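Q: Hi, I'm new to this one. Could you walk me through it?
A: Happy to! Let's bring it up and chat about the charged pairs.

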Amino acid sequence: MQEHHDPEGNPAMSGTVSPSSRTSPRTVLISGASIAGPALAHLLHRYGFAVTVVERAPELRTGGYKVDIRGAAVEVAERMGILADIQRASTDMRTGAYVNDDGKRIATLPAALFGARVGRDDEIMRGDLARILYERTRADVEYVFGDSITSLTERPDAHDHGRGSVEVTFERGAPRRFDLVVGADGVHSNVRRLAFGPEEQFVRHLGAYISAFSLPNELGLDREELYHAVPGRLSCVYSSAGDPAAKGLLTFRSPRLAYDHRQPAQQLALLDAAFKDVGVPPSGGWTQIPRLLEAARAADDFYFDGLQLIEMDRWSRGRVVLLGDAAHCTSPASGQGTGMALVGAYVLAGELAAAGREPEEAFDRYEKELRGYVAVNHALAAKFAKEMTADTRRQIRFRHLMMRILPYMPWKNLVAKKIAEEVQRGANAITLKDHPAPAAVTGRAPATGHAPATGSPTYAA
C-alpha cells in the first residue's frame, strides 16, 4: 500500500479528511497511559480531537517484558509513523535455549523461531514502546499523572444538539466534562468497573499465573533467552539489546487465586509458594530460581497477574468505550496483546473520525471490525496457556529432545513454518480499512467546562 504523509511529514492513512472531522474539536478523556491509550491519543489528535490522558501512576511506567509487533500491528505502526522507532528500539534477540538444572544449554534455536516472527515482525520492550508513544504525544496531548476517575455521569448538553457529554469526577482533580471517555486502563480497568460492573463477571482464568521483573545480568546474557521447565512451572531469563539489566519471567499453573492485584507483598508470597522447592536440593531444578525469587522482591518493576481473558458482550455504553485489554484482554499467553492495542486504537480512531458527532455509530463499527480478530486470539491464548507449562518430566524431556534434533532434520523449515502459522493467523486475523487521512493539527483545545445537569446515568466508585 502506498504510504501517504500529512503536511507535518507524518505517515497517514490513505483517503481524504471527512467533512465531519473538520468540525470544532471534540474532547476525549482516555484512562490509561500504557500502550493503547497513548496510541489512541496520537491518532485522535491528528484527527483534530482534543485529548486528555489520565493515569493513576505518578509518572510514565517504563517497565515490563518484551512484546511482539506482528502482522496487522506492523501495518498500523507504519501508518502511525512509529514503525522506524520500533525497529530502532528492537530487542534484537538472537537465540533462545532450554537449560538443565546446572544452567547448561541443552537445546538452542533462533529467537525468531521462539517468537514465531516472520517478515517485518519485530519485538520491543513494553517500556520502550510506551516511551515512543509518549514522546510522540506529550506536546499535543494533556497528560494527568497521579490521578484516577471516580465517577462517570452522562449529561444532556444543549451545546451538542442534545446528544450530551460525560461529567467525570477524579480522586484529586476537579470535575470536568468530556464528549467521550475511553477506558484503556488494562485488564483491571477502572472505567470498565464504573461503566459495566465488577471485573469478576468478565474474567475467564486460563489456569496459570505469570510474573516479570528486572534483575542484574549476572549470567552475562547478550540478546539471548534461557528457559527452564519443571512440571507445572516455567522460568526464563533474558537480556535485550541496549539494556545492561536482564529480565526474569516466572510462570506457574494454578487454579484462580485470591489476592489483591495492587498488593505486591501478596503476589510475592504466591510466587514464593509456587517455586519454593525449585533449585533447592534435593528437589532439583535450575539453581538460579532462588536468585530469581530474591530479584523479584528487590525489583521496582515487579509485575504479577493471572493468564486470563476478558470476555464482554459490548465494549461501549453511551459515550463510554473500552479499548485494548480493558475490552478484550488475551493475556500474555497469546503474545498479541500489544499488537491488538495498536490495531484497536487505529480502528477506533478511524471510526470516530468517520462518524463525526455520532459516537454510537462509530462504536458499533469499531466492535464489528474487531470481534473476529479478538475471537481468533482468545482461542489461541487459551491453547497456548495450556502449552506454556508441561505436566510431567517425561513431557519436558520429550520437548528438549525435539528441540535438540530440529536443527539437523531435513524438515526443519516445515516445522518452523507450522510453529509460526497459528501465531500469524492471529496476528493477521483482521483486514484494515483505509481510514480518512488525519489533518495536520497543532496545539490542544481545553476540555469543556459546562455546568452540571441532572437526571442521567451515573457510574460511580
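**Salt bridges in the model**

A: R314 has 37% relative accessibility, so R314 counts as partly exposed. Keep in mind that this is a predicted model.

Q: Which residue does R314 form a salt bridge with?
A: The partner is E367, and the closest N and O atoms are 3.7 Å apart. The two sit in distant parts of the chain, 53 residues apart: R314 is in the loop between β18 (303–310) and β19 (316–317), while E367 is in helix α11 (residues 359–387).

Q: And E367, buried or exposed?
A: E367 is buried, because its relative accessible area is 5%, and the cut-off for buried is under 20%.

Q: OK, new topic. What does R105 pair with?
A: R105 forms a salt bridge with E224, with 2.8 Å between the closest N and O atoms. This pair also links distant parts of the chain: R105 belongs to strand β7 (residues 105–110) and E224 to strand β15 (residues 224–230), 119 residues apart.

Q: How accessible is R105?
A: R105 is at 38% relative accessibility, so it counts as partly exposed. E224 is at 12%, so E224 counts as buried.

Q: What about E75, which residue does its side chain meet?
A: The side chain of E75 meets that of R120 in a salt bridge, at 3.8 Å from N to O. E75 lies in helix α2 (residues 72–80) and R120 in the loop between α4 (111–115) and β8 (122–125), 45 residues apart.

Q: How many salt bridges are there?
A: The count comes to 36.

Definitions and conventions: Residues are numbered from 1 along each chain as its sequence is written. This is a predicted model: local features need pLDDT of at least 70, side-chain atom pairs count only at pLDDT 80 or more; totals for chains, interfaces and linings use all residues. Side-chain values use heavy atoms; hydrogens and water are left out. A salt bridge is a side-chain nitrogen of Lys or Arg within 4 Å of a carboxyl oxygen of Asp or Glu. Helices (H or I, at least four residues) and strands (E, at least two) are DSSP runs, numbered from the N terminus. Buried means under 20% relative accessible area, exposed over 50%, partly exposed in between (1.4 Å probe, protein chains only).
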